[in-house]
Each structure stands twice: as structure tokens, then as C-alpha cells.
Amino acid sequence: MVSTELNRQHNGVTLGKEVGGDGLASPESSNGELVVTVCGSPSAVQEETQAMLPVAAALETRLYKRRFAVLAVFSLYSLVNAFQWIQYSILTSIFTGFYRVPNQDIDWLSVVYMLTYIPLIFPATWLLDTRGLRLTALLGSGLNCLGAWIKCASARPDLFPVTMFAQVVCSVAQVFILGLPSRVASVWFGPKEVSTACATAVLGNQFGTAIGFLLPPVLVPRSDDNKVTSHNISIMFYGTAAVSTLLFILTVAVFKEKPKIPPSQSQAVLQDFSQEEYSYKRSIINLVKNVPFVLLLISYGIMTGSFYSVSTLLNQMITHHYEGEEVNAGRIGLTLVIAGMIGSVICGVWLDFTKTYKQTTLIVYILSFIGMLVFTFTLDLGNLIIVFVTGGALGFFMTGYLPLGFEFAVEITYPESEGTSSGLLNASAQIFGILFTLAQGKLTTDYDPRAGNIFLCAWMFIGIILTALIKSDLRRHNINSGITKSDVKSVPVDSPVEPAPSLQSATQL
């Protein structure tokens, strides 16, 4: 029998419970000390003794069916938000004629998503960490719905400022959406499915981008009659608003803060600490001091910013070489994102199976770089079939990288909040996305698409080097496996409690 004695003070009061041979927890007090008894076989005892690791008391965990509904609703309203991001850019030539504005103004309807995110990410992640998952989800879904309805009033040539304002509202909604995939996955899903769940949550956003490439060119075909174009735009806007309203209602009904019993040991450990012990400022400081995370922050920003830039300027790149092919530009974008969705799912399942976070991230980064090179130098061959194939290959790896970055960040920063680490990753992506979109757009306009794409290739090569330098320390995985000695507590500023629990282990054969 293995007897593990764990003393922990919480706000000046020592708490305790005993786990009996049946594996059920029952509270017991002995001079304020916590005594945990864990039954195990002699072989298991020998293995843990030889490894000289502390024996962790297994806390109760449970998986709820509701987790699938939460994941589905989140993925769907994230889908609609991504659709609203790209619906203008894929119709650049049509919207410039309708609103009588230059290409750069339509580009800003996409860039505003990135620009808004940067100043709002810190209050948004603070809200997620201090007020919780449900409120953040309601804000994301609600603002997305509001922005969609405002767009319905902008389907006239003289109302470009209204459609810009509506897009700003949708971009604010995005701030409360992009940082949630890893949080939803960690809070609701078990350790053997968490990476797949995160990939699925990211998948919704990618699928929205895919639909945004495919559907707008079909709903709003090119027409010389502004009344016809206005009618078609109205159909697209009202349809989006109706779907957004339904999803907001479902968010209110389905989203809960967290399950009654946590799904994993890592979540059970974190839920054992009170909210008063958490410091958002300390969490940010810990992340900034975490060198592997800073390297990932920059490399993730480069990769995702490149994806944002390519998505925004895809219509201009395709129509530069293939005039009048707006519909096929949308189909190429759809191919890029659908392939990326498949890549995301495969990467998520692979991570759950192997836990090879750094190796997988580095390989996918290198293959994305190769895919970008091939896409760049085959774009002007005059064969759209080749563009479809190279675009699909590029999307498979570039978009498939997104959930890898989220999950790798959670692993190397645990026990810091998933929302904070994901929020910083997204902020980096938005910054690089703005810079890359403006720079690549300028190079594409002044020279040609190849110049802009080579610019991205150079930055992606830098990202490969940074990714190779990241030290892989899988903290969350170690906690779930019970093979860590590290302190799992994010130490708060001016905390009245002990900075770490005292752990003593004794083995009786």
C-alpha cells in the first residue's frame, strides 16, 4: 500500500480528505492535516519508487454528454464570425464597384478584425479568467449577432460607413471567440480527447472561412445593375443575421460555466484553488518570462499572420493572373480551407495519440513553408487546376497548424490560463496579420503577387528557426499522467497563502 501525506493550507485553513481502498473520497480531519491513501499493486509501487516521483492522489473526474453540445454551438457561432470576416474580401471587385471605394478600403474590412483584436485582447482575457466561460461566450455570440443585423441596413452604395461600423462590431465579437477553443477543450474534455476537441473548435472558424470563400460569390454574382447587386447583398446579410440570432439563442441555452465534476486531473487540481488566489497580472508576467512560450508566440504570429494575409488577398492574386475568375477564386479559397480543416483534425487526433507537440508543430511548419514556395512559383502558369492543387496543399499544412499552436502553448504554460495564452497567441497573429496584409498588398499592387508571396516565405523561414529553438516541456500532460514534480500553482501577487503545497511521500510494502 502506498500512503501519501499531503499538507495544504488554503486561506489559513488546512483541508483534508481520505481516499479509501474503494477509490472514493471521504473527508477526515486529523489535527487539520490532509491524509490521502491510494491503493496500488506492488509493481506499480516499485515503478514509482524507482522513478523517485511523488505519488499523486487521484481526484474524481467525469465526462458529460453536454460537452458535445457546448463544442458544437461554439464551433457554429465561431463559423459565422469567420464568414463575416472574409465575405467582403472574396468579393473585392464587386464591393469596390458597389460602394465606389478603392481596393484598400475593402481590405480594411478584413484588417479591422485584426486591428480591433490587439487593444481588446487583454480586457477580454481578463474577463474570461475572472468572470468565466459562459459570459465570454454570450458576449462573443451576442455581438456577432448584433453586427450581422447592422449590416442589413448597409446594402446601399452610400452606406459604406455603416457596413464598416457593423464589421467593427463583428471584430469585437471575435475578441471573445478566438481565445476560447483551448479553454472549452480543457474545461469540458478529458485528456485523451482534449487536442481533438481543440482542433474541432478551431475547425468551426476555419469552416466559416471556407463558406465565406464559397457562398458570397454565388449569392452576389457580378452585375452591372446596382439594384440587383443591392438585392443580392441584402439576401446575404439577412441570411447571416437569421443564423446568428438562432446561434445566440442556443448559446444562452447550452453554455454552462463548467461541469460539476472536472474532466481531467489537471482541471481538478486547478479547480482546487479559489478565485481569490488568481492574479491576472502575475499570469501575464509568468507567460512573458516563459522563453519557450515567447518563441512560440512569435512563430505562431508569423504563420497565422501569413494565413490571414493570403486569405485576404487571395481574390486579388487570382484575378491578377486569371481575369474574371472571382468564382474560381472563391473555390480555390474553399479548397485551401477545407484541406486545412482535414489537416486540423488529423493533427488534433495525432497529438492526442502521440503527445509529440514540438515535433509535429515543427514538421507542419516546414511543410507549410514548402507549400507556400510551390504555390508562389506555380500561380502564374496559366493553369487553374495547378492552383487548386497547390492551394489545397498549402491550406492543409498552414491551416492545420492553428490548433497545434494552441495546444502546444497550453502544454508549455500550464497552469496558466488557457484563455490568456491563447489570447496572446491570437494577438500576435493579428499584429503580424495586419503588417503582412498591408505589406503584401502593397507589393502585389506595385509589382505582382509573386513579390508579395516571396515576402511571406522569407518570414515563414524565420518562423521555422524559432520553432526549432522551443524547449518542449509538457506540463499539463505530466500532471494528467501523474509524473511531475513541478508546482502546478500560478503564484498570485501578495497572496496570503503558501506559494506551493507541501508534499511528502512514504511507501509501505
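Me: Over which residues near the end of the numbering does pLDDT stay under 50, and how many contacts beyond four places in sequence does the model have for them?

Reply: The stretch is residues 484–509, with 59 such contacts. Here pLDDT is the predictor's confidence in each residue, from 0 to 100, and contact means heavy atoms within 4.5 Å. Where pLDDT is low, the predicted coordinates should not be read in detail. This is a predicted model, in which local features need pLDDT of at least 70, side-chain atom pairs count only at pLDDT 80 or more, and totals for chains, interfaces and linings use all residues. Residues are numbered from 1 along each chain as its sequence is written, and side-chain values use heavy atoms, without hydrogens and water.

Me: What is the mean pLDDT of the protein?

Reply: The mean is 78, and 79% of the residues reach 70 or more. Over residues 1–56, however, pLDDT is below 50.

Me: Why are H14 and H15 called roughly antiparallel?

Reply: The axes of H14 (residues 357–378) and H15 (residues 384–398) cross at roughly 160° and come within 8 Å. Angles over 145 degrees count as roughly antiparallel, under 35 as roughly parallel, 65 to 115 as roughly perpendicular and the rest as oblique; H14 and H15 are therefore roughly antiparallel.

Me: Which classes of residue make up the contact of H14 with H15?

Reply: The contact has 10 nonpolar, five polar and no charged residues. Among its members are Leu367 and Phe375 of H14 and Leu394 and Phe397 of H15. Ala, Val, Leu, Ile, Met, Phe, Trp, Tyr, Cys and Pro count as nonpolar, Asp, Glu, Lys and Arg as charged, and the others, including Gly, as polar.

Note on methods. Axes fitted to C-alpha atoms, helices over the stretch in contact; angles between N-to-C directions. Helix = DSSP H or I, 4+ residues; strand = E, 2+ residues; numbered from the N terminus.
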